[in-house]
Every structure is written in structure tokens, then in C-alpha cells.
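Please read these notes with the sequence and the model side by side. They are written for someone who has not looked at this entry before.

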Amino acid sequence: MTTRAVSVKTIIRTVLMAGLAFATSISVLHAADGLSIIGTKHDLAHLNQRPSVIATGGGTPMEGTAYNNYLDTCVYCHVPHVTPDATQFNRVLPQDNYAVYSNPAGTMDATINRPGGVSLVCLSCHDGTIAVDAVLTTPSTAWTPSTNHQTMSAGNSSSDCGSCHKPGNKPTHDATASYMTQDLRGDHPISISYSEALLRTPDELRDPLIIAPLRLYNDRVECPTCHDVHNAQYVPFLRIPNAQSVLCLSCHIK
Ligand code: HEC
Ligand code: HEC
Ligand code: HEC
Ligand code: HEC
Ligand code: HEC
């Protein structure tokens with residue numbers, strides 16, 4: 001109970017600081033019923049203050065050395081106008097040097113597009129080419145800059161999160177699975193049109209009207225189709241659990 005009350009307060013404060021619209025805060029307050037981003041791995045503003053992190057890291061291990069703490073959870077991704085379009089986010093977007101799913105068996109019906117839309121927001125941290133604190137607009141409230149601006153990459157240099165978060169380095173958890181790089185050939189195809197695939201082979205995919213809470217973005221499958229960045233209830237940030245491949249079978253008829 002206490003935790004929930006605190007996190008609701010924190011969210012209200014964070015939302016006000018970010019200057020988000022009232023309508024936005026309502027949907028997030030709703031999400032706070034056990035489903036908040038606060039305290040998750042996506043809460044960069046509070047990471048260093050977490051008791052588990054302080055205990056393992058012997059202090060605030062990332063403060064001043066890994067990324068700017070803007071003291072505001074939302075600002076790493078959002079400016080006040082939230083729409084599912086990559087240009088409306090507070091992120092420097094990556095260059096398109098991606099290797100994408102190559103349709104090895106020749107069985108894919110949808111056109112393979114370049115990674116685009118809201119997926120670029122995710123990739124702006126997860127492909128390791130851009131620092132996690134590389135935002136377009138920093139908050140106007142006081143915050144202390146870091147000496148390093150690390151990327152989510154597996155290298156050992158002072159600009160890589162991997163310099164600590166990798167097996168064999170500092171006593172930290174292994175974040176290798178989050179370092180996606182720009183080689184996406186082994187990942188689920190993204191930025192593909194659902195209706196195009198459905199039209200060609202209706203017996204292989206379900207009606208898009210029944211796949212909620214999975215979401216399409218301009219008819220496309222994007223990273224947040226399956227993941228909800230704000231909600232760690234179903235690890236790793238999934239919109240529904242994937243036990244017995246239920247998530248996969250929400251779309252695929254197999
Ligand atoms: C790690 C990046 C990230 C952070 C941090 C983040 N968001 Fe988001 N947010 C996104 C992305 C990406 C989308 C669009 C995808 C989607 O629909 O969830 C989004 C969508 C939204 C939406 C509209 C869609 C919906 O789910 O209703 C709202 C409202 C929102 N975010 C509020 C917030 C607030 C408030 C915070 C801070 C407490 C926050 N977000 C923190 C990335 C982030
Ligand atoms: C501001 C940077 C940032 C953005 C933008 C971002 N993430 Fe993350 N993400 C992180 C960090 C940091 C972690 C924690 C990595 C670690 O230490 O394990 C993470 C972890 C994850 C994980 C693994 C969670 C777990 O429990 O292991 C998933 C899945 C994920 N992110 C999906 C997404 C998706 C999907 C998007 C876009 C909708 C997104 N992220 C956008 C920074 C970001
Ligand atoms: C100087 C070493 C160091 C560096 C560099 C570093 N971290 Fe950490 N980090 C730690 C320690 C120690 C902990 C606490 C133990 C743990 O959870 O792994 C931690 C914890 C975390 C957690 C919390 C995990 C959880 O489950 O709550 C996340 C997320 C995280 N770091 C992300 C990052 C990201 C992203 C970067 C690069 C921008 C980074 N760290 C750079 C040392 C470091
Ligand atoms: C079709 C659904 C789907 C799409 C689209 C998708 N993911 Fe995932 N993702 C998953 C599932 C399911 C898992 C868990 C896999 C597992 O545990 O073996 C996962 C795992 C991850 C992980 C690793 C977490 C960990 O610790 O194992 C990250 C990071 C991640 N996704 C980020 C992304 C990003 C970024 C995108 C877009 C480029 C994306 N995902 C697109 C379903 C999806
Ligand atoms: C939101 C709906 C959705 C979800 C959820 C989803 N997929 Fe897909 N997937 C698609 C669409 C659409 C295609 C493109 C199909 C086509 O063009 O033939 C696709 C393509 C694929 C392909 C490539 C097929 C080929 O012919 O090369 C594989 C493999 C795949 N998905 C596996 C999975 C797995 C495993 C999961 C669960 C982790 C999953 N999908 C979850 C919609 C989804």
C-alpha cells in the first residue's frame with residue numbers, strides 16, 4: 001500500500017514536471033495500479049537511489065559516471081505531446097544502418113520495411129549507437145551533468161554500459177540481452193504491415209480487432225506492439241505473458 005501511495009505521488013510530481021497534459025496524467029494514474037514505470041529498469045531517474053542498487057554497488061554506482069540524471073522519469077523519452085510517431089518523442093534518433101530480418105525461407109507475405117516509426121525510439125537506446133541520456137530537450141529544473149554519456153553496448157570502454165553490465169566485469173547484472181546492436185536479423189520483424197500479410201494469407205493471422213492489448217501502430221507491428229515500456233508486470237515489459245507462446249499465438253494461427 002505504502003509503495004503504491006508513494007509511487008502515485010512520484011508520478012503526479014513527475015508528470016507535472018514534464019508538463020504533460022491532464023489527460024495524460026489520468027492514463028498514467030490508472031497505470032499506477034501496480035503497473036507503473038516507477039521503479040522499473042526504464043526508470044533512469046531513480047535507478048541510483050534504489051536500495052538494491054546502493055547495496056550492490058556500494059553507493060550510487062552510476063551517478064556522475066554513466067548518464068545524466070535528469071531527475072525526471074518521463075523526460076528520457078517524452079516531450080509533452082505524446083503520439084505514436086517517432087518524431088514526437090524527446091529522443092535523438094539513430095542512423096539507419098540496420099541489418100533486418102531477411103525472410104530466409106521466402107515465406108513472408110508482408111513487405112520488409114526499414115525500421116521506422118516508434119521502433120526507432122526504442123532503438124535509440126537499445127541499438128547501442130546513441131547515449132541513453134541523448135534527449136532533444138533537457139528539463140529546466142536543476143540537474144547535475146555526468147562526465148560520461150554511455151551507450152547500451154557490450155564494449156569495455158568508459159562509454160559502454162557493458163564496462164560494468166557484462167559477465168566478468170563489475171558485480172552487476174548481465175544486460176547483454178538488452179544490447180540489440182543494429183543487427184536485427186535474429187529479432188521479430190518490425191515496421192511490417194499487418195493487413196498486408198493478413199490479406200495475402202488470411203488463414204495464418206488473426207483479425208487485428210481481437211489482438212488487444214497488443215497494439216498496431218499505423219497498421220504496423222513495432223516494438224511496443226508486444227512490449228509496454230511503462231509496465232514491468234510481465235517481464236520483460238511484455239503486454240501479456242508469453243507462457244505457452246500465448247503472446248505469439250495472439251496473432252499467429254499455428
Ligand atoms: C523508455 C522510454 C519511455 C519512458 C521513460 C516513458 N515513456 Fe511513455 N511512451 C514511450 C513510448 C515508446 C510510447 C509509445 C508506445 C506506446 O504506445 O506505449 C509511449 C506512450 C505513452 C503514452 C501514450 C500511450 C498510452 O499508453 O496511453 C503516455 C500517456 C505516456 N507514454 C506517458 C508517459 C509518462 C507520464 C512517463 C513518465 C512517468 C512515460 N511515459 C515514460 C516511451 C517512454
Ligand atoms: C532511454 C533509453 C531507453 C529507451 C528509449 C528504451 N529502453 Fe528499454 N531499456 C533501457 C534500459 C536502461 C534497460 C535496462 C537494461 C538492463 O540493464 O538490463 C532496458 C530494458 C528493456 C527490456 C528488458 C527488460 C528486462 O526486464 O530485462 C526490454 C524488453 C525493453 N527495454 C524494451 C524497450 C522497448 C520495446 C522500447 C521502446 C518502446 C524501449 N525499451 C525503449 C533503456 C531504454
Ligand atoms: C560503474 C559501474 C556501472 C556502470 C558504468 C553502469 N552501471 Fe548500472 N548498475 C551498477 C550496479 C553496481 C548496479 C546494482 C547491481 C545490479 O542491479 O546490477 C546497477 C544497476 C543498474 C540497473 C538496475 C537493475 C535493476 O534490476 O533494478 C539498471 C537498469 C542499470 N544499472 C542500467 C545501466 C545503464 C543503462 C548503464 C549505462 C548507461 C549503466 N547501468 C552503467 C553499476 C554500473
Ligand atoms: C512480436 C513481439 C515482439 C516484438 C515486435 C518485439 N519484441 Fe522484444 N521480446 C518479445 C518477447 C516475447 C521477448 C522475451 C523473449 C524471451 O524471454 O526469450 C522479448 C525480449 C526482448 C528483450 C530482451 C529482454 C531480456 O532480458 O531477455 C529486449 C531488450 C527487447 N525484447 C526489445 C525489443 C525491441 C527494442 C524491439 C523492437 C526493435 C522488440 N523487442 C520487438 C517480443 C517482441
Ligand atoms: C502483433 C502480432 C504478432 C505477434 C504478437 C507476433 N507476430 Fe510474428 N509476425 C507477425 C506478422 C504480421 C508477421 C509477418 C507475416 C508475413 O508477412 O507472412 C510475422 C512474422 C513472423 C515470423 C517470420 C515468418 C516468415 O515467414 O519468415 C516469425 C518467425 C514470427 N513472426 C514469429 C513470432 C513469434 C515467435 C512470436 C512470439 C514471440 C510472434 N511472431 C509474435 C505478427 C505477430
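The points below take up the basis of the model, the iron sites, the ligand shells and the aromatic rings.

1. Basis. The model is predicted, with local features needing pLDDT of at least 70 and side-chain atom pairs counting only at pLDDT 80 or more, while totals for chains, interfaces and linings use all residues. Residues are numbered from 1 along each chain as its sequence is written, chains are lettered from A and ligands numbered from 1 in the order in which they are written, and side-chain values use heavy atoms, with hydrogens and water left out.

2. Iron of ligand 2. Two histidines, H42 and H126, are the protein donors here, each through NE2 and lying 2.0 Å from the iron atom. Donors are N, O and S atoms within 2.8 Å of the metal (3.2 Å for Na, K and Ca), and sites may look incomplete because water is not among the atoms. The arrangement is octahedral because the 6 donor atoms subtend angles of 86 to 179°. For six donors, octahedral requires opposite donors over 155 degrees apart and all others between 65 and 115. As a reference, ideal angles for six octahedral donors are 90 or 180 degrees.

3. H42 is in the loop between α2 (22-31) and α3 (51-57), whereas H126 belongs to helix α4 (residues 119-126); the pair links distant parts of the chain, 84 residues apart. Helices (H or I, at least four residues) and strands (E, at least two) are DSSP runs, numbered from the N terminus. H42 has a relative accessible area of 28% and is partly exposed. Buried means under 20% relative accessible area, exposed over 50%, and partly exposed in between (1.4 Å probe, protein chains only).

4. Iron of ligand 1. H78 and H230 donate through NE2 at 1.9 to 2.0 Å. The 6 donor atoms subtend angles of 86 to 178°, so the arrangement is again described as octahedral. H78 lies in the loop between α3 and α4 and H230 in the loop between α6 (223-226) and α7, so the pair joins parts 152 residues apart in sequence. H78 is buried at 16% relative accessible area, whereas H230 is partly exposed at 36%.

5. Iron of ligand 5. Which residues coordinate the iron atom of ligand 5? They are H188 and H252, both by NE2, at 1.9 to 2.0 Å. The site is octahedral, with angles of 86 to 180° among its 6 donor atoms. H188 is in the loop between α4 and β1, and H252 is in the segment after α7 (246-249), so parts 64 residues apart in sequence are tied together. H252 is partly exposed, at 33% relative accessible area.

6. Shell of ligand 3. This ligand is surrounded by 17 residues, and the closest are M62, C161, C164, H165 and H173. A residue belongs to such a shell if one of its heavy atoms lies within 4 Å of the molecule. By class, the shell has 9 nonpolar, 6 polar and 2 charged residues. Ala, Val, Leu, Ile, Met, Phe, Trp, Tyr, Cys and Pro count as nonpolar, Asp, Glu, Lys and Arg as charged, and the others, Gly among them, as polar.

7. Polar atoms at ligand 3. R50 places a polar side-chain atom 2.7 Å from an oxygen atom of the ligand. For H165, a polar side-chain atom is 2.8 Å from a nitrogen atom of ligand 3. A polar backbone atom of H173 lies 2.7 Å from an oxygen atom of ligand 3.

8. Shell of ligand 4. Here 16 residues surround the ligand, with M180, H188, C223, C226 and H227 the closest. The shell has 10 nonpolar, 5 polar and 1 charged residues. Its largest share, 3 residues, comes from α4. A polar side-chain atom of H227 is 2.9 Å from a nitrogen atom of ligand 4.

9. Aromatic rings. Y67, Y70, Y76 and W143 form one aromatic cluster. Rings of Phe, Tyr and Trp (its six-membered ring) pair if their centres lie within 6.5 Å; planes under 30 degrees apart count as stacked, over 60 as edge-to-face and the rest as tilted. The structure holds 3 aromatic pairs. In one of them, Y70 and Y76 have ring centres 5.1 Å apart and planes at 40°, so the pair is tilted.

How values were computed:
A polar contact is a pair of N or O atoms within 3.5 Å; within protein, one must be able to donate a hydrogen and the other to accept it, and residues adjacent in sequence count only if both atoms are side-chain atoms. Four donors count as tetrahedral if all angles lie between 85 and 135 degrees; four count as square planar and six as octahedral if opposite donors are over 155 degrees apart and all others between 65 and 115; anything else is irregular.
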